[in-house]
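The following note concerns side-chain contacts in the model shown below. Its points are set out by type of contact.

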Amino acid sequence: MGDGGQATGDGLTGSDRVRADAAARGLDVEIIERPAARSLEEAAELMGITPADIVKSLVVKRSDDTYVFALVPGGRKISWPKLRALLGVNKLQLPDASLALAATGYERGTITPLGSTIAWPVVIDETIPGRRVSMGAGEHGRSLFVDADRLVEALDATVADISEPE
């Protein structure tokens, strides 16, 4: 897995890239160190939040080799028919770990749209706005907290119904 904090070619760690991108967008984020968790529930408990307040950033590959970030809350998963309909495509897939790393510059488990090596479009599930959420911070062992409404604005994200219960 690597140490997650290793610097990229530009000398910045994943969290550095997240902070720099958030600052450039005028978005306030709080990055915390946290112990590893074995489950969504354990992670939420460690951070004193509910599982639904942990947002998963999934990078999804289109058939033309472009990507989109799909952000869904803990306890929910992507509804593939809903996401395909929204994007107007008939095929989407979760790329393998090496493709996800190449598309974002982040390892699985650390992926976030903030600081991604390419600023792919972002779709945020409609259940996320209206609260403070936690999400990946570009490195293992770190999470960021952000106001979801400000995140939507800063990323110029599309808010839509793209999830279903896990």
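1. A charge is taken to sit over a ring if NZ of Lys or CZ of Arg is within 6 Å of the ring centre and within 35 degrees of the ring normal. By this criterion the charged end of Arg-17 sits over the ring of Tyr-106, at 4.2 Å from the ring centre.

2. On the basis of the note: this is a predicted model, in which local features need pLDDT of at least 70 and side-chain atom pairs count only at pLDDT 80 or more, while totals for chains, interfaces and linings use all residues. Residues are numbered from 1 along each chain as its sequence is written, and side-chain values use heavy atoms, with hydrogens and water left out.

3. The count of salt bridges (a side-chain nitrogen of Lys or Arg within 4 Å of a carboxyl oxygen of Asp or Glu) comes to eleven. Among them is the pair Asp-53 and Arg-131, whose closest N and O atoms are 2.6 Å apart. Asp-53 lies in the loop between helix 2 (40–47) and strand 2 (54–62), and Arg-131 in the loop between strand 6 (122–125) and strand 7 (132–136), so this pair ties together parts that are 78 residues apart in sequence. Helices (H or I, at least four residues) and strands (E, at least two) are DSSP runs, numbered from the N terminus.

4. Accessibility is classed as buried under 20% relative accessible area, exposed over 50% and partly exposed in between (1.4 Å probe, protein chains only). Asp-53 is buried at 15%, whereas Arg-131 is partly exposed at 22%.

5. Lys-82 and Asp-161 also form a salt bridge, with an N to O distance of 3.0 Å. Because Lys-82 belongs to helix 3 (residues 80–87) and Asp-161 to the loop between strand 9 (158–160) and strand 10 (163–165), the pair ties together parts that are 79 residues apart in sequence. Both partners are partly exposed, Lys-82 at 31% and Asp-161 at 32%.

6. How many aromatic pairs are counted? There is one aromatic pair. Tyr-67 and Trp-120 form this tilted pair, with 5.3 Å between centres and 55° between planes. Tyr-67 is in strand 3 (residues 67–73) and Trp-120 in the loop between helix 4 (97–104) and strand 6, so parts 53 residues apart in sequence are tied together. Both residues, Tyr-67 and Trp-120, are buried. The criterion pairs rings of Phe, Tyr and Trp (its six-membered ring) if their centres lie within 6.5 Å; planes under 30 degrees apart count as stacked, over 60 as edge-to-face and the rest as tilted.
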